[in-house]
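Work through the following exercises with the sequence and the model at hand. Each task is followed by a solution in steps.

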Amino acid sequence: MALFATFGGIFLYLEHFSKFNFDTTWQLINEGHLHGKVLALAAIPNLFVFFVFIKKKQDNKAKGVLIATFLIAFTTLILKLF
């Protein structure tokens with residue numbers, strides 16, 4: 001579920017919050033090597049998914065979202081360093 005929220009966050013950013021269209025924005029991200037920054041912004045919806053699972057007392061699903069968020073954070077770190 002967390003990965004879907006992250007991909008949804010990427011899509012929302014590219015489609016609705018960017019001044020340019022999807023293809024142009026993706027090209028600018030590639031040229032500027034901004035993958036880590038966009039991935040970090042896209043992980044924000046995981047916060048909402050996490051709290052929904054906590055509220056519904058679905059602790060195992062909340063743990064999964066938390067683990068996926070840590071993996072995304074680690075991936076962001078790797079992308080920023082290299």
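**Exercise 1. Find which helices the buried residues of α5 pack against.**

Step 1. Helices are DSSP runs of H or I with at least four residues, strands are runs of E with at least two, and both are numbered from the N terminus. Helix α5 covers residues 59-81.

Step 2. Buried means under 20% relative accessible area, exposed means over 50%, and partly exposed lies in between, with a 1.4 Å probe and protein chains only. In α5 the buried residues are Ala 62, Val 65, Ala 68, Ile 72 and Thr 76.

Step 3. Contact means heavy atoms within 4.5 Å. The buried residues of α5 pack against α1, α3 (35-42) and α4 (45-55).

Step 4. Ala 68 counts as buried because its relative accessibility is 12%. Its C-alpha atom lies 14 Å from that of Phe 48, which is 20 residues away along the chain.

A note on the source: this is a predicted model, in which local features need pLDDT of at least 70 and side-chain atom pairs count only at pLDDT 80 or more, while totals for chains, interfaces and linings use all residues. Residues are numbered from 1 along each chain as its sequence is written, and side-chain values use heavy atoms, with hydrogens and water left out.

**Exercise 2. Compare the reach of α5 with the expected span.**

Step 1. The expected span is 1.5 Å times one less than the number of residues.

Step 2. α5 has 23 residues, and the expected value is 33 Å.

Step 3. From its first C-alpha to its last, α5 reaches 33 Å, close to that expectation.

**Exercise 3. Describe the chain as a whole: which elements does it have, and what share of its residues is buried?**

Step 1. Five helices and zero strands are present, in the order α-α-α-α-α from the N terminus on.

Step 2. Along the principal axes, the C-alpha atoms fill a box of roughly 40 × 30 × 10 Å.

Step 3. The chain has 82 residues, of which 27% count as buried.

Step 4. Among contacts with a separation of 6 or more, 58% come from residues 24 or more positions apart.

**Exercise 4. Describe how α1 packs with α2 and with α3.**

Step 1. Two packed helices are described by the angle between their axes and the distance between the axes. Axes are lines fitted to C-alpha atoms, for helices over the stretch in contact, and angles run from 0 to 180 degrees between N-to-C directions.

Step 2. For α1 and α2 the angle is about 115° and the axes are 8 Å apart. The two helices α1 and α2 are therefore roughly perpendicular; angles under 35 degrees count as roughly parallel, over 145 as roughly antiparallel, 65 to 115 as roughly perpendicular and the rest as oblique. The contact is made by Phe 11, Tyr 13, Leu 14 and Glu 15 of α1 with Phe 22, Thr 25, Trp 26 and Ile 29 of α2.

Step 3. The axes of α1 and α3 cross at roughly 115° and come within 8 Å. α1 and α3 are therefore also roughly perpendicular to each other. Here the contact involves Ala 5, Thr 6, Gly 9, Ile 10 and Tyr 13 of α1 and Val 38, Leu 39, Leu 41 and Ala 42 of α3.

**Exercise 5. Is Ser 18 buried or exposed, and what does its side chain reach?**

Step 1. Ser 18 sits in the loop between α1 (2-17) and α2 (22-32). Ser 18 counts as buried because its relative accessibility is 17%.

Step 2. The Ser 18 side chain reaches the backbone nitrogen of Phe 20 at 3.3 Å.

Step 3. A polar contact (a pair of N or O atoms within 3.5 Å; within protein, one must be able to donate a hydrogen and the other to accept it, and residues adjacent in sequence count only if both atoms are side-chain atoms) of 2.7 Å joins the side chains of Ser 18 and Thr 25.

**Exercise 6. Which residues does Asn 46 touch, leaving out those up to four places away in sequence?**

Step 1. Asn 46 belongs to helix α4, and counts as buried because its relative accessibility is 2%.

Step 2. With that exclusion, Asn 46 touches Ala 2, Ala 5, Thr 6, Val 65, Thr 69 and Ile 72.
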